[in-house]
Amino acid sequence: MEVYIPSFRHEDSDLERGYTVFKIEVLMNGRKHFVEKRYSEFHALHKKLKKCIKTPEIPSKHVRNWVPKVLEQRRQGLETYLQAVILENEELPKLFLDFLNVRHLPSLPKAESCGSFDETESEESSKLSHQPVLLFLGDPYVLPAASAYFELEKRRDKDFPNVVIEGVLHGIFYSHLQPR
């Protein structure tokens, strides 16, 4: 995983004083996406991360002025911070991955103990596996029913027998007839 902060921008707000938004570029497995975060979000991440992993220093919370040169230094500092978290930690906490909107990584032991911004599935839990559930020895619409239960079902629903129930019951009670 590679992380860069190529730019920042000033955002004006009617409800509060203006603020700076940092654009984070995340490169992973040949894919690139962008996430925008305010410094306050970086600071909140840092406070949570330092409870469960070794963290580098984060740039100062208080910037006395909004001079572009000072903001550029903060941008560089935040970029260095993110890169150092990646380099210094063999296993990245789920909290950190959530911050960068990275999904579907294998579940990591540290990730579980560190908490998260929101709940996401790990790659292993999102993989689908296929196992055969039903086996029909012939066409269930053509074969006569093999038990009294099937006869009751056919009387109740003559047009369309319940193929799923018939298949499951056939698999359970007549498994000795299945090919080996």
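Helices (H or I, at least four residues) and strands (E, at least two) are DSSP runs, numbered from the N terminus. The model is predicted: local features need pLDDT of at least 70, side-chain atom pairs count only at pLDDT 80 or more, and totals for chains, interfaces and linings use all residues. Residues are numbered from 1 along each chain as its sequence is written, and side-chain values use heavy atoms, with hydrogens and water left out.

I note the cut-offs: buried is under 20% relative accessible area, exposed is over 50%, and partly exposed lies in between (1.4 Å probe, protein chains only). I then listed what leucine 27 touches, not counting residues up to four places away in sequence: Met1, Glu2, Tyr4 and Lys32. Contact here means heavy atoms within 4.5 Å. Tyrosine 4 is 23 residues from leucine 27 in sequence, and their C-alpha atoms are 8.5 Å apart.

Next I checked valine 26, also in strand 2. Valine 26 is buried, with a relative accessible area of 0%. Leaving aside neighbours within four places in sequence, its contacts include Arg31, His33, Leu100 and Val102. Valine 102 lies 76 residues away along the chain, yet the two C-alpha atoms are separated by 8.4 Å.

Two strands pair if DSSP finds at least two bridges between them. Strand 1 and strand 2 (residues 19-28) have 8 bridges, in the antiparallel sense. One of the bridge partners I looked up is valine 26 in strand 2, which partners valine 3.

Axes are lines fitted to C-alpha atoms, for helices over the stretch in contact, and angles run from 0 to 180 degrees between N-to-C directions.

How do helix 1 and helix 2 meet? Their axes come within 12 Å and cross at roughly 30 degrees. From helix 1, Tyr39, Phe42, His46 and Leu49 meet Arg74, Leu78, Tyr81 and Leu82 of helix 2.

Which residues of helix 1 are buried? I noted Tyr39, Phe42, His43, Leu45, His46 and Leu49. They cover an arc of only 160 degrees around the axis, which puts them on the same side of helix 1. The arc is that of the directions from the helix axis to the C-beta atoms. Their cover includes strand 1, strand 2, strand 3, helix 2 and helix 3 (94-99).

**Helix 7**

Last, I turned to helix 7 (residues 163-173), where Val163, Glu166, Gly167 and His170 are buried. Seen down the axis, these fall within an arc of 100 degrees, so they line one face of helix 7. On the other side of helix 7, I found Val164, Ile172 and Phe173 exposed.
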